[in-house]
Amino acid sequence: MAESARPGNFLTDIVDADLAAGRVRGPIVTRFPPEPNGFLHVGHAKSILLNFGLAARYGGRAHLRFDDTNPTTEDTEYVESIENDVRWLGGDWGEHLHFASDYFEKMYACAERLVRDGKAYVDSQPQDAIREQRGSFERPGVASPFRNRNPEENLDLLGRMRAGEFPDGAAVLRARIDMAHPNVLMRDPLLYRIRHAHHHRTGDAWCIYPMYDFAHPLEDAFEGVTHSICTLEFESNRELYDWVLDHTGPWDPRPRQYEFARLALGYTVMSKRKLLQIVNEGRVSGWDDPRMPTIAGMRRRGVTPDALRDFADLIGVSKNNSVVDIGKFEFCIRGDLEKRSPRALAVLDPIRLTIADWTGPDEELDLPWWPAEPDRGGHRKVPFGRDLLVERDDFSADPPPDWKRLAPGRDVRLAGAVVVRCEEVVLGPGGVVVEIRCSHDPSSRTGGARRGLGTIHWVHATRSIPAPVRLYDRLFTAELPDAAGNFLDVMNPGSLSSAPGARVEPALRDAAPGTHWQFLRVGYFFADPVESRPGAPVFNRTMTLKDTWASRGAGADRPSAPARSAPRAPATAPATPRRGRTEARADARAGDPVLAALHARLASLPGISAEQADLLSADPGTAAWFDEAVAAGAAPGPVARWLLNELLGLAGEAPLGSLPLRAGDFGRFVSLAESGRTTGAAAKTLLASLLERPGDPAARLAELGLERVDDGAAISAAIGRVLAAQAAEVARYRAGEKKLVGFLLGAAMRETQGKADPAALRRALQEALG
RNA sequence: UGAGGCGUCGUCCAACGGCAGGACUGCGGACUUUGGAUCCGCGUAUGAAGGUUCGAAUCCUUCCGCCUCAGCCA
């Protein structure tokens, strides 16, 4: 699918807006910034596909950048696996393979600049002191005794840190921001720490290393990244990201950080720590164990990049914290493999089937690899004869009425061959079925379908070949392993099983490693790319087939699915009830006589409700703005209503004082809006215009032609046009869908640009509709 | 507790003041030499309450719930 044809999301909305507003003039540049300290997993795949996909959609570029700022945890081994995984997913970074460590010198120069500007200082305190002084959520931090060292001294100290004069932990470089900042990340965050450690790329050239919050924005800026996309947990880091860029720039383009919800997938874990733990403890065979949610594991299992891409498209991108149903992933895997897998015959748990009345010799059936798509071509010989093997599950001595497989006296088709009837069941010791003896219908060889007849798969008893087959299932039995007390307790003991008796048709003997097959009626299998060899194939079950028969039973061999919310951690009740905003304002008034007087005065104004007075007196600035608007001649009630309900929504985050619209003009606007010269809807259009571009409300009203329309003929004409344009909806309305009146009224409102009185319009519309 | 963020069918994502829609799952049916695939059908979801508006999932307010942040990790 072309990138532009993919559905958009909130990030494409942002890029569209940036482009439309001219905020980004050059190409869109994104980046995928892994730390080389582990393997990539399906969550990273979402991010990779998002970043590379976004760049492709806008004809920009995406970089692969290793965020290697912590030498003690990183290794070049991971660099290779990550590059490999990104490339496998289709990520093309062109020339732009970067390493944070390549920027160490430039970053250091930025640090020196901050120091010279008095924006950073060297703190010589131990770690514990710094942590203690940081304060807590409700308690502000306290300043370091070294906070006021002068720039010369700091520069000297920083140079000596770099020169290796201090041991690890003896000093750090800190930004000088605000120790009382409500965002604790802004309380003089660390920029550099001393680490006498060997770096996988820079060797021993450095003994100080930048912290993430300092390094990351600079890396983005150095590379010209326009949209720096990360996950939700970095939301509070954004303020610091912006601070760093604001004090080291100017930057063009100026990178902006945006956050999206990381992927959480049912029945698996995604944290690096937990994945590392199950690898290290030998609970899986390695990072590329096919049960792992790692890209390497999925690749080994037989999942394709296309399936991952389909999955990413299916789940979308948003800021909602959500847990994606693993079934969606399985759906994408099946859908992808369905298209690319030739059909072969294999029996996982064989039981002998003898066609007792088969008198001739063995035959070689010529069967197509694509039974449903003969045009795709490709055939192979499959030996067939008297002695066969079929799936044990495909026989039942006492079947339910709608059983479509083998049972005493029942007919069934052997796929690609003949219809057989079960005549006799041979029991072994303990009463287990050891052989099914059948008769066959020679006339059924060339088709002649019989309705309702089931079909089962088979292989030749002696000329099929044994092959190792591994059956993989979900790694965990709980949908939310992280919510369990210990995620190890909910590991699925049956996540890996083998089929020791499995036999495959002889043509599979030379299956090339890394090829996909559908074992008819069994599932999708992948010739293991590592252990499989021509002549000695080894198969991994990538995914079972959808099984509507089994699913209506007791869930077959699926681990049972407990409720998502089951082992939720108990909510800890806050010691004191949370203080609401109303209460906070009341408290503020109690402690501030000026605010209290303000509130009292506003509350006494005509047409002002207690709630409005409370809101308007939230801070002196808002109140003053309100007063100024009223002073321009408007009635307090309407001013309060327009201000609180409309202006605040239009203004968004911006404080009133920073608006292009002056308070006096707003007051004049309200007078105008209430004068009857225009309608409410048109007034909103006018307000929005005034917010874009300051000006006199009355003049703008005239300029935009937003005067109220009372002309009955004009209204009738507009309704006539709407009814003609919405003929289908009108018909539906007349057929009884009365709720469409709202839709049609909306269309009429737009047709008149909101300038007609809604009540009059509605009357006219009802009349026209009959 | 301070700050930031998020609440739409069972699940994931749309709807950007005007018909709450799609996909997954599930259920039913058709078709079928895979109980697969394919096709058709089936939907009581806007966290709650107020307000603004002709009209609110969308704007305002309050409340509720969930997530993130107090590493010299990223």
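**Arg300 and Glu531.** I looked up this pair and found a salt bridge, the closest N and O atoms being 3.1 Å apart. I count a salt bridge when a side-chain nitrogen of Lys or Arg is within 4 Å of a carboxyl oxygen of Asp or Glu. The pair links distant parts of the chain, 231 residues apart: Arg300 sits in helix H10, and Glu531 in the loop between strand S26 (523–527) and strand S27 (539–544). Helices (H or I, at least four residues) and strands (E, at least two) are DSSP runs, numbered from the N terminus. Arg300 counts as buried at 10% relative accessibility. Glu531 is partly exposed at 38%. Buried means under 20% relative accessible area, exposed over 50%, partly exposed in between (1.4 Å probe, protein chains only).

**Ground rules.** This is a predicted model, where local features need pLDDT of at least 70, side-chain atom pairs count only at pLDDT 80 or more, and totals for chains, interfaces and linings use all residues. Residues are numbered from 1 along each chain as its sequence is written, chains are lettered from A and ligands numbered from 1 in the order written, and side-chain values use heavy atoms, without hydrogens and water.

**Other salt bridges.** The count comes to 64. I checked Arg340 in helix H12 and Asp306 in helix H11, which are 34 residues apart. Their side chains meet at 3.1 Å, N to O. Arg340 is partly exposed at 31%, and Asp306 is partly exposed at 34%. I also noted one network, built from salt bridges that share partners: Arg31, Arg65, Glu219, Asp220 and Glu223.

**RNA strand B.** I found 92 residues around RNA strand B, the closest being Glu138, Arg195, Arg343, Arg521 and Arg732. Near means that a heavy atom of the residue lies within 4 Å of the strand. This surface divides into 27 nonpolar, 26 polar and 39 charged residues. Here Ala, Val, Leu, Ile, Met, Phe, Trp, Tyr, Cys and Pro count as nonpolar, Asp, Glu, Lys and Arg as charged, and the others, Gly among them, as polar. Helix H24 (residues 740–751) gives the largest share, 7 residues.

I then looked at single atom pairs. An N or O atom in the side chain of Arg732 is 2.3 Å from a base oxygen. A polar backbone atom of Gly742 is 3.4 Å from a base nitrogen.

Note on methods:
A polar contact is a pair of N or O atoms within 3.5 Å; within protein, one must be able to donate a hydrogen and the other to accept it, and residues adjacent in sequence count only if both atoms are side-chain atoms.
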